[in-house]
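Biologist: I would like to go through this model feature by feature. Please give the general idea each time, then the case at hand.

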Amino acid sequence: MRLDGKVAVITGAARGIGRAIAAEMINEGAHVMLTDRDGAAAKRTAHELAATGGIIQAFRLDVTDRLQVNEATAAILQAAGRIDVLVNNAGIVGVASFLETNEAEWDRIMTTNLKGIFYCCQAVLPQMVARNKGKIINIASVAAKVGGGLLGTSTYAASKAGVIGLSKGLAREFASHGVNVNVIAPGSITTDLTHRYLSAQQQLDSVKRIPLGRRGLPADIAGAAVFLASDESDFITGATIDINGGVLMD
Ligand SMILES: NC(=O)c1ccc[n+]([C@@H]2O[C@H](COP(=O)([O-])OP(=O)(O)OC[C@H]3O[C@@H](n4cnc5c(N)ncnc54)[C@H](O)[C@@H]3O)[C@@H](O)[C@H]2O)c1
């Protein structure tokens, strides 16, 4: 198996893309530490995925709360001894137009999508550096490259562009410490998040703009995450993998 015995922490993994990454990493032999700000949902999901026979534990972790990030990281390190892979997946979307975006909304999106990654990386990196090995995978969005997506306006785009810039900076700084930092930029993927903001008709219409002729599924992201977590990607760092059905060919 491609991730045999590796300890992987995934944020925002109770549902959607994070959950699919957790499921695929378990299939590949990883010991998954499933985290989410919704602790009850994290427990439920971990219970469901454990039924497939993998090793999985759930932790409540709100990426906007530095204390909780540090405490959950300490608990995970105590339980598993190390963290080989960190997937920064937790994210929220902003749909307000720029002039309607007040400061609280700007802060809400930036704090979750960008500062949360700052907190999680600062908590997890020291033990990766000490072992001279680690993989960090950050989930951005096609919105980072085109200024907004089918979902997500300028603030969301800025937060996700920040994720790509931060990832390149970390990739550069920690390359000599054996840590690879890469990004996945999904296009429109059908999850609770898209159901929350897009009508069935809007989702159907979106297919017309997708060269591969269908909307993405969470499982479409999971395979790339496994690749970036595995030894197969040891010579890749600072890269962004676009997974969008051909909407953007960069
Ligand atoms: N679905 C898409 O079309 C799409 C496209 C591009 C990028 N993305 C990105 O992919 C990631 C996952 O999106 P999704 O569609 O699976 O979303 P989702 O809303 O279905 O699931 C997100 C999960 O993150 C959790 N979460 C939210 N804020 C959190 C916080 N502060 N701390 C910890 N957990 C938190 C939620 O509880 C939820 O379980 C996000 O970063 C999103 O921006 C999604």
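Modeller: Start with burial: a residue is buried if 20 or more other C-beta atoms lie within 10 Å of its own. Keep in mind that this is a predicted model.

Biologist: How does L151 count by that rule, buried or exposed?

Modeller: L151 has 20 C-beta neighbours inside 10 Å, and therefore counts as buried. L151 sits in the loop between α5 (143-146) and α6. Its C-alpha atom is separated by 7.6 Å from that of T194, although the two are 43 residues apart along the chain.

Biologist: Which residues come nearest to the ligand?

Modeller: Those are G12, G16, G91, T191 and L193, out of 30 residues around the ligand. Two or more residues of the shell come from each of α1 (16-27), α4 (103-131) and α7 (192-197). By type, the shell holds eleven nonpolar, 13 polar and six charged residues.

Biologist: How many residues of α1 are buried?

Modeller: Eleven of the twelve, so read by the cut-off of 20 or more neighbours, α1 is mostly covered. Among the buried ones are G16, R19, E24 and I26.

Biologist: What follows α1?

Modeller: G29 follows α1, and its phi is positive, near 90 degrees.

Biologist: How should I read the packing of two helices?

Modeller: Two packed helices are described by the angle between their axes and the distance between the axes. Here α1 and helix α9 (residues 218-229) pack at an angle of about 50 degrees, with axes 8 Å apart. The two are therefore oblique to each other. The crossing of α1 past α9 is right-handed.

Biologist: At what angle do α4 and α6 pack?

Modeller: α4 and helix α6 (residues 154-174) pack at about 15 degrees, and their axes are 9 Å apart. That makes α4 roughly parallel to α6, because angles under 35 degrees count as such. α4 passes α6 in a right-handed crossing.

Note on methods:
Residues numbered from 1 in each chain as written. Predicted model: local features only at pLDDT ≥ 70, side-chain atom pairs only at ≥ 80, totals over all residues. Near = placed C-beta within 6 Å. Helix = DSSP H or I, 4+ residues; strand = E, 2+ residues; numbered from the N terminus. Nonpolar A, V, L, I, M, F, W, Y, C, P; charged D, E, K, R; others polar. Axes fitted to C-alpha atoms, helices over the stretch in contact; angles between N-to-C directions. Parallel < 35°, antiparallel > 145°, perpendicular 65-115°, else oblique. Left-handed = near helix turned anticlockwise from the far one by under 90°.
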